[in-house]
Each structure stands twice: as structure tokens, then as C-alpha cells.
Amino acid sequence: MKIRSVFVIDTDGYRITTIADNHKSKNELMKIAKEGNFDGASDYIYMDDGLEMMHAFEAGKIYKNGKMIDAPIIEPTKEELRERDLSMLENEYNSAVKDLSDALMIARLKGDAVAEQSIQADFDKLQVSYKEEREEIENV
């Protein structure tokens, strides 16, 4: 089944939206798309059958120089990598603190002072390790 479509494209070739309606003419669809005031819109591509192009966009393609091409791989910035690494460290730290807290509670319930001291020592090591790793990430 054919689907008349207008693809609204930004300056980098990414699809902003698609207007599709088999009951409207090409001119009507183009008018609707252009009057939509889509932020960043720079191109309007009409297709009598837009399914193939839609599938290409869904597969990660972009529209450049009149054809569908693979979207460029965008490397994360140094700041994005730092934020990711800090988030991962924070998650690992919080998980370890929870595990130690649970273990400490069990040791206290059992009245096991030796286990409590060992868990406290593990917690102290975790604090030092966390602080060092965090500083290392922040200073990269």
C-alpha cells in the first residue's frame, strides 16, 4: 500500500516529522508541512510512497544530497564521558554501600562484633577508593 508522505528534514538530514495522508494531494501535504513551523526544518521531501524512506529513517539513515545515507557516528564529548563515568562510579558506590549496610545490620543483629569491625574496615576502604576514583575522573 502506498502512503503519500512529506518528510520534514533538518539541516543535518535528520527527519523531524512526517506528514502522511492518502486523501490529500502533493500540494496540500507540502502546504501542511511548511505551515507546521517545525523548529529546525530546512527541507521538505515529498514521496508518492514514503514507506521505504520511513523505514530508512527508522534504521538510522539520514537524507543528504538527495539520498539516504548512514548517519554519522557522533563521538561523545569529554564532558559526556566524564558524566557517564561519574554516574557509573556513583551507581557502583551506592550499590556497595547498600550491600555493606545490609551486612552490617545482619552482623549487629547476630551480635557479631568481629564481623562489624570487618565491615566497617571495608566501608572505610570503599570511602577512600571512591574518593580517589572520583578525583581521577574529575581531573581527566
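Predicted model: local features only at pLDDT ≥ 70, side-chain atom pairs only at ≥ 80, totals over all residues.

Biologist: Let's start with helix 2. Which of its residues are buried?

Modeller: In helix 2, which spans residues 51–58, the buried ones are Met53, Met54, Ala56 and Phe57. They sit on the same side of the helix, because the arc they cover around the axis is only 160 degrees. Glu52 and Glu58, on the other side of helix 2, are exposed.

Biologist: And what do the buried residues of helix 2 pack against?

Modeller: They pack against five strands: strand 1 (5–10), strand 2 (15–20), strand 3 (41–47), strand 4 (61–64) and strand 5 (67–70). Look also just past the end of helix 2, where Gly60 has a positive phi of about 95 degrees.

Biologist: Now for a charged residue. Is Asp10 buried or exposed?

Modeller: Asp10, which belongs to strand 1, is buried and has no salt bridge. Its nearest side chain of opposite charge is Lys64, 6.9 Å away, whereas a salt bridge needs the charged atoms within 4 Å. A polar atom of the Asp10 side chain does lie 3.0 Å from the backbone nitrogen of Gly13. Setting aside residues up to four places away in sequence, Asp10 touches Ile16, Gly40 and Ser42.

Biologist: How should I think about a nonpolar core?

Modeller: In soluble globular proteins, nonpolar side chains tend to be buried together. Here the largest nonpolar core has 10 residues, among them Leu86, Tyr93, Leu100, Leu126 and Ile137. Helix 3 (78–110) and helix 4 (113–138) each supply at least two of its residues, and helix 3 gives the most, with six. For a closer look, pick Leu126: beyond its neighbours within four places in sequence, Leu126 is in contact with Tyr93, Ala96, Val97 and Leu100.

Biologist: How many salt bridges are found in the whole structure?

Modeller: There are eight. One of them joins Arg134 and Glu90, with the closest N and O atoms 3.3 Å apart. That pair links distant parts of the chain, since Arg134 is in helix 4 and Glu90 in helix 3, 44 residues apart. Both also belong to a salt-bridge network with Glu138.

Biologist: Which partner does Asp70 meet in a salt bridge?

Modeller: Its partner is Lys61, at 2.7 Å from N to O. Asp70 counts as exposed because its relative accessibility is 58%, over the 50% cut-off. Lys61, at 28%, is partly exposed.

Technical notes:
Residues numbered from 1 in each chain as written. Heavy atoms only, no water. Buried < 20%, exposed > 50% of the residue type's maximum accessible area, 1.4 Å probe, protein only. Helix = DSSP H or I, 4+ residues; strand = E, 2+ residues; numbered from the N terminus. Arc of directions from axis to C-beta. Contact = heavy atoms within 4.5 Å. Lys, Arg positive; Asp, Glu negative; His and termini not counted. Polar contact = N/O pair within 3.5 Å; in protein donor to acceptor, adjacent residues only side chain to side chain. Core = buried A, V, L, I, M, F, W, Y, C linked by side-chain atoms within 4.5 Å.
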